[in-house]
Amino acid sequence: MPEPQLSDPSRSRAVLIGTDTYDHPALGNLPAVRNNLGRLRELLCDTGAWGLAPERCAVLPQPSREAMLDTVHDAAAEAADTVLLYYAGHGLVHPQSGELHLTLPESDPDRPHTAVRYEELRSILLSPVGGRPSARRKVVVLDCCWSGLALGGMSSGDLAPATAVHGAFVLTATAATRQALAVPGETYTAFTGELIDVIGSGVADGPALLSMTVLYEEVARALAAKGRPLPRQTNSDHAGRICLFRNRAAGERREGPEGGAGRTAVADRPVRTAAPPPAPTTPTAPPAPERRPGERRPSLPELVPVPPDGPPVVRLGRYPVTHAQFRAFLCDPANARWRPEDARAAGEDVDDGYLRGWHGLEFPEGRGGHPVVGVSAQAAGAYAEWAGRRLGTALRLPTAREWELAARAGRAGEWWRAEIVAGRVNFRGSFGELAPVGEFPPNPYTIGDLLGNVWDICVDDAGSPVLLGGAYDTPVTRLRERLSPRSPAECRGNAGFRCAGAV
């Protein structure tokens, strides 16, 4: 098989489309999308990367339907070598057909026809134009929720013989059932940020040209290392060998431990760096018990004021308590009665589901950063009291009113719709599995997992336990339900808790 060659920039076209600001309140704005477009255009036109002429790279921020379809049509018709289509913004799924729709500034989540069907763009890319085939190589990159739905429709098997293509490569930010990630405060969206990093920095010990397969593998490796949603790809007719970029780190040695991402920074090359983490709002945790190799050192809950921009009513845990944090509680000899075997044997404050999957003080492998589940309200309350003593402040379980105040985040009406559309909720139909805390973006009050991932154990006005917010296995229509445990000792495999404290 011949060596891969760089797509000819003089015979190729690119279309970069992004929607960052929306009219509908349920579609949150995505300021990072505009940054995506600007930096990708710079890289595409950089002679050290690809060298596409500026007039051959169309950028459509805040597009109209007509502009989007016409621009893709013209690019596909004019590109004799390769056409690249990139889209970033909110993705929607049609409730009846299950098709992927790409949103426009005026799109309405309840009116799918106000967005552009991905199938429309696919048809333009793959159909003859003016009696002749469109570009022989096609690359589609989608950075939106549910973008993996596009993976089933870009193979040559879908085409009539007269319209067969040399190859088509589709790269998506997520799987078909997964939401994309745009972390507040980061310059780029999670997926595109890593793509930009690979193109801009190159791959040490890599080939001279970056094929689409290499790009996919490097981006996936970087996202996996950060615990973020993983991309997906599909290709036909060896389309994975399409090369749009030179490898800027070709000939450089891989730095760091073996098996690392393998990208190195060059002094005169722009490199994306992570912003420093926000300063903690609680005192530094004292030394934690010895941990297993590879596990992060457990910390105590981080509390944030609610509301953050006015006289606070309560301080609430930024995330649910994790397995590692709960293990630190169990390792304290003073809490021996809450260790799994002892607590189940006592049969008073927990049921047989308590910490199911634990072996002594060891939680399931790889779950250190996941919310702890299978705890009763009494066990959760005991943890809160213990953590409060270590922090020097009284902690407890939140009330239902406090939870609702934090979840609404100052919004009226059906605020949860905005959370779902913004990709902040892990429920059945999105990721659908227990995820680490911080995997999904926080709400406007910077609090994560109030909807989805795990039910939050709270207390009602009478002091009885109540479950709020839904979990990873909850249907979208039931996320707003309020559940009462069957007994105060009930331990559910999809329910966790967070701590609350006075201001």
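Select strands E4 and E5 to begin: E5 covers residues 100-102, and the two strands pair in the antiparallel sense over three bridges. Keep in mind as you look around that this is a predicted model.

Next, pick out Val 93 and, in E5, Leu 100: these two residues stand opposite each other.

You have an open sheet of three strands, ordered E4-E5-E6, with antiparallel pairing. Which strands are at the edges? They are E4, residues 91-93, and E6, residues 116-117, and each of them pairs on one side only. As a reminder of what to display here, strands of a sheet pair through backbone hydrogen bonds, either parallel or antiparallel.

Let's move on to the cysteines. Select Cys 458 and color it: its relative accessible area is 0%, so Cys 458 counts as buried, the cut-off being under 20%. Then jump to Cys 491, which has a relative accessible area of 8% and is therefore buried as well. How many disulfides does a search of the whole structure find? The count is zero.

Finally, zoom out and show the whole protein as a cartoon. You will be looking at 10 helices and 19 strands. Of the 503 residues, 53% are buried. If you display contacts between residues at least 6 apart in sequence, 72% of them join residues at least 24 apart.

Notes. Residues are numbered from 1 along each chain as its sequence is written. This is a predicted model: local features need pLDDT of at least 70, side-chain atom pairs count only at pLDDT 80 or more; totals for chains, interfaces and linings use all residues. Side-chain values use heavy atoms; hydrogens and water are left out. Helices (H or I, at least four residues) and strands (E, at least two) are DSSP runs, numbered from the N terminus. Buried means under 20% relative accessible area, exposed over 50%, partly exposed in between (1.4 Å probe, protein chains only). Contact means heavy atoms within 4.5 Å. Two strands pair if DSSP finds at least two bridges between them. A disulfide is a pair of cysteine sulfur atoms within 2.5 Å.
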